[in-house]
Each structure stands twice: as C-alpha cells, then as structure tokens.
Amino acid sequence: MKNINKIFSLVFVAILSTVTFTSCEDEDKARFPQLTNGGFVKFVSAPEFDMGADPATASFSAMTEDPNGTVATYDVTVVGDFAGAPSEALVFGSTTTFPYDVSFTTADMAELFGVDASVFVEDDSFEFFGVVTTVDGSVYDGTAPGGSYPDGDDPENAGSWNGGQTSGVLTSAAGLLAAFNWEVSFEDAN
C-alpha cells in the first residue's frame with residue numbers, strides 16, 4: 001500500500017511539474033497582431049440613394065463622419081453610368097475634417113462631368129468610391145474592397161494588407177452606414 005501511495009505521489013508531482021513548466025514557452029512563437037481602430041468613414045444617417053426620377057429636380061443629401069477619429073484624409077471619386085459618361089473615375093471631393101458633406105444636385109454632376117444636365121435621364125446613376133488614409137498612414141480603399149491578404153510563404157509581404165477590409169458584406173451590416181462605395185440613381189424613392 002505504501003508503494004502505491006509513493007507511485008501516486010510521484011505521478012502527481014510529474015503531472016504538476018509538466019503543467020507548471022509548459023506555460024513558460026517563448027511568447028514570440030504565438031504572435032498576435034496589434035489591433036487598432038481602422039480608418040472608417042460612415043454616413044451620419046442613412047441617406048436615400050434614389051434621388052428622384054426627374055433629373056431636373058433630383059438631388060442627393062448626405063453627410064459623412066469619422067467615428068474613430070483616425071482619418072487623416074478622405075478622398076471620394078465618382079463614375080457615371082449615363083449616355084456619354086467617361087469610363088474613368090473623376091475626383092468628387094476630398095477632406096481632412098468631418099463632418100463632410102457629399103450632397104449634390106443634378107447641376108453639380110453635370111458640371112463635374114462636363115455635360116449638359118439634359119443628358120441625364122431616369123435610371124442613370126453615379127457610383128462613388130471612398131479612400132481613407134489614417135493618421136498612421138494605413139490606406140482603406142473602397143475601390144479595392146477584397147483586400148490583399150498576407151502571404152505566409154512570402155516574408156516580405158507577410159502582414160501587409162490593403163489597409164483593411166471594406167467589403168460590402170462586412171460594412172453593410174445594420175447601423176454601420178459605410179461611406180466607401182455607394183450608388184445614387186435617378187429613380188423614384190417610392
């Protein structure tokens with residue numbers, strides 16, 4: 001009986017020693033990335049993206065904000081989908097302060113695209129893309145929402161992202177109101 005107690009005592013000490021010393025591993029083996037607030041710009045309130053079926057009276061009204069306080073610059077470009085629209089994106093605006101007004105009228109878009117306002121008809125639209133550069137230099141690009149992910153086999157690019165994930169799946173959840181990629185059209189809101 002005394003031998004069994006000695007064996008149990010030795011087994012208990014061995015297990016206790018194993019558990020105690022396994023927690024003293026090198027912390028560099030299991031690295032975890034430092035998490036910070038990203039560059040996120042959102043609409044102050046949900047805008048109406050159907051600005052009216054009649055281009056002569058249509059307008060879009062929306063304000064954006066920087067809820068994290070990390071945005072250094074916010075650049076917005078626009079691509080038109082109407083007869084004679086250029087295929088490349090045009091600069092819509094840029095800011096370093098918030099709130100930022102992204103509202104426009106039909107006349108504003110006609111001037112921006114260098115066309116007569118009569119060119120616009122019902123179902124024409126404008127697609128906007130936002131690019132955020134944060135105060136630490138990270139770039140969040142609404143024109144490349146999929147991102148580029150780190151390649152574990154390529155140490156030179158490991159850990160480099162396009163600045164963040166701006167995927168519509170991720171940012172279209174209720175309440176986020178992301179202002180990275182949105183489309184406004186000449187359609188009746190009803």
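Trainee: Leaving aside neighbours within four places in sequence, which residues is Val119 in contact with?

Mentor: Contact means heavy atoms within 4.5 Å. With that rule, Val119 touches Phe82, Ala83 and Asp124. Keep the source in mind: this is a predicted model, where local features need pLDDT of at least 70, side-chain atom pairs count only at pLDDT 80 or more, and totals for chains, interfaces and linings use all residues. Residues are numbered from 1 along each chain as its sequence is written, and side-chain values use heavy atoms, with hydrogens and water left out.

Trainee: How many residues apart along the chain are Val119 and Ala83?

Mentor: They are 36 residues apart, yet their C-alpha atoms are separated by 7.1 Å.

Trainee: Where is Val119 found?

Mentor: Start with the elements. Helices (H or I, at least four residues) and strands (E, at least two) are DSSP runs, numbered from the N terminus. Val119 sits in the loop between helix 2 (106–113) and strand 8 (125–134).

Trainee: What is the relative accessible area of Val119?

Mentor: Learn the classes. Buried means under 20% relative accessible area, exposed over 50%, and partly exposed in between (1.4 Å probe, protein chains only). Val119 has 29%, so Val119 is partly exposed. Of the 190 residues of the protein, 30% count as buried.

Trainee: Which residues touch the most other members of the largest nonpolar core?

Mentor: A nonpolar core is a set of buried Ala, Val, Leu, Ile, Met, Phe, Trp, Tyr and Cys residues joined through side-chain atoms within 4.5 Å. The largest one here has 30 residues, and Tyr74, Phe104, Met109, Phe126, Phe128 and Trp182 touch the most other members. Strand 4 (71–81), helix 2, strand 8 and strand 10 (181–185) each give two or more residues. Strand 4 gives the most, with 4 residues. Now look at Phe128. Beyond its neighbours within four places in sequence, its contacts include Phe104, Met109 and Trp182.

Trainee: In what order do the 3 strands of the open sheet stand?

Mentor: Two strands pair if DSSP finds at least two bridges between them. The order is 1-3-6, and the pairing is antiparallel. Strand 1 (42–43) and strand 6 (100–101) stand at the edges, each with a single partner strand, so one side of each lacks a neighbour in the sheet.

Trainee: How many bridges join strand 3 to strand 6?

Mentor: There are 2, linking strand 3 (residues 63–65) to strand 6. Find Met63, then look across: Asp101 of strand 6 stands opposite.
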